[in-house]
Amino acid sequence: MNWPAFLLFSCAIFTLALALLTARRNAFPAKFYYVCMLLASAWWSGAAGMENWQTAPADKILWAKLAWLGIVTVPCYWTLFVWAFVKGDNRRPTWFGQLALWLMPLLTCLIACFYQ
């Protein structure tokens with residue numbers, strides 16, 4: 001048994017369950033961003049679990065690259081969640097604010113996934 005992979009898969013399942021429970025709750029400020037952050041965290045945990053579970057180097061590299069999607073989106077959604085929760089409403093930041101927030105993770109993901 002691969003314990004690190006088992007623990008990462010367990011975390012992914014619990015995080016997905018928490019996302020589903022949160023999505024079914026009544027509306028609260030920043031609910032969308034919180035659920036998206038949980039889904040990105042579950043993706044990250046699941047991809048890391050698959051990376052730990054694999055034995056072939058090429059498969060490990062594939063899953064490490066796929067994990068980057070969750071790695072770079074969790075902090076962005078966390079920032080949007082805190083921004084909207086503190087403001088107490090569901091207004092989104094301006095398009096320039098969102099561009100500034102998502103530009104660095106997008107570049108990081110592109111470099112991590114396509115640089116060889």
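Visitor: In which helix is the place of Leu16?
Guide: This is a predicted model. In it, the place of Leu16 is helix 1.

Visitor: Is Leu16 buried, partly exposed or exposed?
Guide: The relative accessible area of Leu16 is 40%. Buried requires a value under 20% and exposed a value over 50%. Leu16 is therefore partly exposed.

Visitor: Which residues does Leu16 touch, leaving out those up to four places away in sequence?
Guide: Contact here means heavy atoms within 4.5 Å. With residues up to four places away in sequence left out, Leu16 touches Leu39 and Ala42.

Visitor: How far apart in space are Leu16 and Lys87, C-alpha to C-alpha?
Guide: Along the sequence, 71 residues separate Leu16 from Lys87. In space, their C-alpha atoms are separated by 26 Å.

Visitor: How far apart in space are Phe6 and Trp53, C-alpha to C-alpha?
Guide: Phe6 belongs to helix 1 and is partly exposed, at 39% relative accessible area. Trp53 is 47 residues from Phe6 in sequence. Between their C-alpha atoms the distance is 8.4 Å.

Visitor: What pattern does the protein chain follow along the sequence?
Guide: The chain has 4 helices and 0 strands. Read along the sequence, the pattern is α-α-α-α.

Visitor: What percentage of the 116 residues is buried?
Guide: The C-alpha atoms fill a box of roughly 45 × 35 × 15 Å along the principal axes. A residue counts as buried under 20% relative accessible area. Of the 116 residues in the chain, the buried share is 33%.

Visitor: Is helix 1 roughly parallel or roughly antiparallel to helix 2?
Guide: Helix 1 (residues 3–24) packs against helix 2 at about 160°, and their axes are 8 Å apart. Because angles over 145 degrees fall in that class, helix 1 and helix 2 are roughly antiparallel.

Visitor: How many nonpolar residues does the contact of helix 1 with helix 2 have?
Guide: Helix 1 crosses helix 2 in a left-handed sense. By class, their contact has 7 polar and 1 charged residues, and the nonpolar ones number 18.

Visitor: Are helix 3 and helix 4 roughly parallel or roughly antiparallel to each other?
Guide: The axes of helix 3 and helix 4 (residues 95–114) cross at roughly 170° and come within 9 Å. That angle is over the 145 degree cut-off, so the two helices are roughly antiparallel.

Visitor: Is the aromatic pair of Tyr34 and Phe81 stacked, edge-to-face or tilted?
Guide: The structure holds 8 aromatic pairs. In the pair of Tyr34 and Phe81, the ring centres are 5.3 Å apart and the planes are at 40°. Planes under 30 degrees apart count as stacked and over 60 as edge-to-face, so this pair is tilted.

Visitor: How many residues apart are Tyr34 and Phe81?
Guide: Tyr34 lies in helix 2 (residues 31–53) and Phe81 in helix 3 (residues 57–87). The pair thus links distant parts of the chain, and the residues apart number 47.

Visitor: What value is phi of Ala30 near?
Guide: Most residues other than glycine have a negative phi. Ala30, in the loop between helix 1 and helix 2, is buried at 1% relative accessibility. Its phi is positive, near 70°.

Technical notes: Residues are numbered from 1 along each chain as its sequence is written. This is a predicted model: local features need pLDDT of at least 70, side-chain atom pairs count only at pLDDT 80 or more; totals for chains, interfaces and linings use all residues. Side-chain values use heavy atoms; hydrogens and water are left out. Rings of Phe, Tyr and Trp (its six-membered ring) pair if their centres lie within 6.5 Å; planes under 30 degrees apart count as stacked, over 60 as edge-to-face and the rest as tilted. Axes are lines fitted to C-alpha atoms, for helices over the stretch in contact, and angles run from 0 to 180 degrees between N-to-C directions. Angles under 35 degrees count as roughly parallel, over 145 as roughly antiparallel, 65 to 115 as roughly perpendicular and the rest as oblique. A crossing is left-handed if the near helix is turned anticlockwise from the far one by less than a right angle, and right-handed if clockwise. Ala, Val, Leu, Ile, Met, Phe, Trp, Tyr, Cys and Pro count as nonpolar, Asp, Glu, Lys and Arg as charged, and the others, Gly among them, as polar. Buried means under 20% relative accessible area, exposed over 50%, partly exposed in between (1.4 Å probe, protein chains only).
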